[in-house]
Amino acid sequence: MPRALITGITGQDGSYLAELLLEKGYEVHGMVRRASTEKFDRIEHLRDRLTLHQADLLDHRSLVDALRAAKPHEVYNLAAMSFVAVSWIQPTLTAEFTGVGVTRILEAVREVCPETRFYQASSSEMFGKVLETPQTEKTPFYPRSPYGVAKVYGHHITVNYRESYDLHASSGILFNHESERRGLEFVTRKITWHAAAIKTGKRDSLQLGNLDARRDWGYAKDYVEAMWLMLQQDTPDDFVIATGVTNTVRRCVEVAFDEAGLNWEQYVQIDDSLKRPAEVDLLVGDASKAERQLGWKPQTSFEELIRLMVRSDVALLS
Ligand code: NAP
Ligand code: G4F
């Protein structure tokens, strides 16, 4: 039976990846942080089928122990401080978790299980102030946030360990992906949740920042399949995972409020404090390498995604 260890298993992607690997017959291990109150909501339905190990990306010893206990054939490094806006508030902690944390887990893999296949969760945020459109694996990086800078470090150190130590280490450059399990602070879920809350009488307005930003939004369930496919290849490599379609935040609001049967202009207010010190204006990815080499294609359109998120939030709040 193949064994996998997922860091960040309590997050959006970790929970979907755990489901996918269990379906494929894996023994699934997850790394979790100690907290005074456990928040394992996204994996509660899987708890009796998972083996959880307490560890932290800041702590080398705990990473080594988790790897020794799990003996994984595959490691998926999804753990990170993943919210861009907070990376300006906690820039050095973001660098530690999201950047140097990647070196710590790579060092632990090198020490305990150098044959293990390794996946690094890289990000389209690395393209930042984009130098070409659409963005591919060859597009130079120009990060625009402390989070983006940390992800560039994590990406390069993964490539470097692959080349220095011959590790089977791959990096997925994933564009924004969302779902019913997305954290409430990210813009799509903030919008779908508020549309549902206004519809059900629990809120009467929604404050947003920059409505003109454009993102290439896909469905998290489709994207975890790409992570798994990368680790099934004989040769490790880097892949852009995206839909190839870009939409504005404003369009996301229009679709969400339409699904809720509401006129968005009556409820949405602009709050300048939600605008970022430096913005990523436009992201749109070219995933043709992933289609060619992995046979991966997105299955869910932007509109389907936003509408299913609204329906899920209405059900949640009703
Ligand atoms: P998420 O929902 O925010 O989950 C992040 C996970 O990382 C959580 O399980 C969190 O644990 C864990 N974590 C944070 N700091 C940690 C630490 N010091 N030690 C151990 N675990 C820690 O993020 P996501 O959307 O699933 O994204 C997964 C990964 O893909 C992240 O690396 C993110 O940066 C990257 N990414 C995401 C997207 C996207 O659009 N979703 C796009 C590109 C790349 P707690 O539950 O304890 O907080
Ligand atoms: O949903 P967001 O916070 O996602 P962002 O910054 O693009 O980052 C996400 O995608 C990255 C991949 O490119 C990941 F690496 C990262 O971990 C994360 O998952 O913001 C999207 C856009 C931004 O331009 C932001 O300025 O929405 C704009 N926005 C406008 N009003 C808002 C708001 N974003 C948030 N979170 N909240 C607002 O009220």
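## The sheet at a glance

Seven strands line up as an open sheet, in the order S3-S2-S1-S4-S5-S6-S11, with parallel pairing. Keep in mind as you look around that this is a predicted model. At the edges stand strand S3 (50-54) and strand S11 (238-241); each has a single partner strand, so one side of each is left without a neighbour in the sheet. On average, neighbouring strands of this sheet are turned by 20° against each other, direction ignored.

## Strand S1 and its partners

Let's zoom in on strand S1, which covers residues 3-7. Is S1 largely enclosed or left open? Four of its five residues are buried, so S1 is largely enclosed by the rest of the structure.

On one side, S1 pairs with S2 in the parallel sense over five bridges, and Ile6 stands opposite Gly30 in S2. To get from S1 to S2, the chain passes through helix H1 (residues 12-23), making a right-handed β-α-β crossover.

S1 also runs parallel to strand S4 (residues 74-77), joined to it by four bridges. Here you can find Ala4 with its bridge partner Glu74 in S4, and Thr7 with its bridge partner Asn77.

## Helices on the sheet

Helix H2 (residues 60-70) lies across S1, strand S2 (27-32), S3 and S4, and runs at about 155° to S3. Helix H3 (residues 91-112) packs on the sheet too, where it touches S1, S4 and strand S5 (117-123). The direction of H3 makes about 175° with that of S5.

How values were computed:
Residues are numbered from 1 along each chain as its sequence is written. Chains are lettered from A and ligands numbered from 1 in the order in which they are written. This is a predicted model: local features need pLDDT of at least 70, side-chain atom pairs count only at pLDDT 80 or more; totals for chains, interfaces and linings use all residues. Side-chain values use heavy atoms; hydrogens and water are left out. Two strands pair if DSSP finds at least two bridges between them. Helices (H or I, at least four residues) and strands (E, at least two) are DSSP runs, numbered from the N terminus. Axes are lines fitted to C-alpha atoms, for helices over the stretch in contact, and angles run from 0 to 180 degrees between N-to-C directions. Contact means heavy atoms within 4.5 Å. Buried means under 20% relative accessible area, exposed over 50%, partly exposed in between (1.4 Å probe, protein chains only). A crossover is right-handed if, with the strands pointing away from the viewer, the path from the first strand over the helix to the second runs clockwise.
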